[in-house]
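Student: Please take one part of this model and go over it closely. Then connect that part to what lies around it.

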Amino acid sequence: MGKLICVDAGHGGTDSGAVGNGIKEKDIALKAALKLGELLKKQGFNVIFTRAADKFINLGERCRIANSNAADLFISVHINSASSVQARGTETLCYSQNSFAEIVQKNLIERLKTKDRGVKERKDLYVLNGTKMLAVLLEIAFISNPQDASLLKKDLFLDDFANAVVKSVCKHFGVGFVGDEKSQESVKKDDVKQESAKKETVEVKKNIDVLLNGKKETVSGYFADGKNLFTADFIRELGFKVGYDKNTKVVTLDNDDVRDIKIIVDGKEKEAASVLRNGFNYVLLRDLEKLGLFDLDYKDGVVYINSKKMS
Ligand SMILES: [Zn+2]
């Protein structure tokens, strides 16, 4: 039987948590927690979330969810804040010192390259003393520090966070760590080492087979580096408004690299990654799935899309 991990995104709904530098703790914590949960599932763990949406859940309820499901491990995800803008870095809070807290703190620092604030005992924190299983509360970085905040806005940084935590969970339970697709750390390395070689060797598929609400279609897209990229036009055909504003430099059109772009979904700004190739902007379908636009699955080389707008 696989281990059950309870992933707890801090705050939510009417409780924003810390706010600063244009972002809210509740939003970043949720994004990071969902990435963490998805990656844990990929590794074969069972996962329950205390919340998977922007919803208020009180602290007692969070503990009850973990306890009544007999979770093996409780991971609470938070963003730190301080009155001094100088304060920055990553810390792991726990009820009492333990090896998992040490491992996760070490792996986070190694991967995120943030300031190491260490493992701290906090017997006063409700989710740490109200949960019956091993529990940690991770403060990824400081929302009040401009450098930390700019990292927290990056999807790749949160991917790195998820990878570091999952690696630690695997180590704790003695399971081999497979790891996820390239994120910030590996992308940086590849840029230096393999940029020229990559263009020659990477397998690139230009049309992608898609099962759209059960109907098979071949759409214009891009498959490279293990990722499916679709033209913004295709996303528009699905009935969504995808926008980018060249004047405000929301999409930069200079290099073949992945960048964060803002996507306007029903009038609201969201973030996603975009890649420019051959003069077209491609959007990661995976990112759009995270925005709740549709469900996505990938099996035997076929992408299954269940569009909530078309069905
Ligand atoms: Zn918090």
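This is a predicted model: local features need pLDDT of at least 70, side-chain atom pairs count only at pLDDT 80 or more; totals for chains, interfaces and linings use all residues.

Tutor: Start at T50. Apart from neighbours within four places in sequence, T50 is in contact with C6, D8, A9, I57, R62 and I65. Residue numbers run from 1 along each chain as its sequence is written.

T50 sits in the loop between β4 and α2. (Helices are DSSP runs of H or I, at least four residues; strands are runs of E, at least two; both are numbered from the N terminus.) Is T50 buried or exposed? T50 is buried, because 23 other C-beta atoms lie within 10 Å. (The cut-offs: buried means 20 or more other C-beta atoms within 10 Å of the residue's own, exposed means 12 or fewer, and partly exposed is in between; C-beta atoms are placed from the backbone.) I65 is 15 residues from T50 in sequence, yet their C-alpha atoms are 6.5 Å apart.

Now follow the chain to α2. This helix covers residues 59-68, and its buried residues are R62, C63 and A66. Down the axis of α2, these residues fall within an arc of 95°, so they line one face of the helix. (The arc is taken over the directions from the helix axis to the C-beta atoms.) R62 is also one of the contacts of T50. The face turned away from the buried side carries the exposed residues G60, E61 and S68. What do the buried residues of α2 pack against? Their partners are β1 (4-9), β5 (73-80) and α4 (126-129). Just past the helix, A70 takes a positive phi of about 50°.

β1 and β4 pair in the parallel sense over 4 bridges. I5 has V47 of β4 as its bridge partner. Further along, β5 and β8 are also parallel, over 7 bridges. V77 stands opposite L138 in β8. β6 (residues 90-94) runs antiparallel to β8, joined by 4 bridges. There T92 stands opposite L138. Why is β8 largely enclosed by the rest of the structure? The reason is that 8 of its 9 residues are buried.

(Axes are lines fitted to C-alpha atoms, for helices over the stretch in contact; angles run from 0 to 180 degrees between N-to-C directions.) The packing shows in the largest nonpolar core. Of its 54 residues, I5, A32, L36, I75 and V136 touch the most other members. (Such a core is a set of buried Ala, Val, Leu, Ile, Met, Phe, Trp, Tyr and Cys residues joined through C-beta atoms within 7 Å.) α1 (residues 25-42) gives the most to this core, with 9 residues. I75 has contacts beyond four places in sequence with I5, V7, D8, L36, V136, L138 and V165.

V166 is found in α6 (residues 155-173). The C-alpha atoms of V166 and L36 are separated by 7.1 Å, although the two are 130 residues apart along the chain. V166 is buried, with 28 other C-beta atoms within 10 Å. Outside four places in sequence, V166 contacts L36, L39, L40, Q43 and F177. α6 also packs with α3 (residues 99-112), at an angle of about 145° and with their axes 9 Å apart. Among the residues making that contact are F100 and V104 of α3 and F161 and V165 of α6.

Last, the whole chain. The protein chain has 9 helices and 16 strands. Of its 311 residues, 37% are buried. Among contacts between residues at least 6 apart in sequence, 64% join residues at least 24 apart.

Definitions and conventions:
Two residues are in contact if their C-beta atoms, placed from the backbone, lie within 7 Å. Two strands pair if DSSP finds at least two bridges between them.
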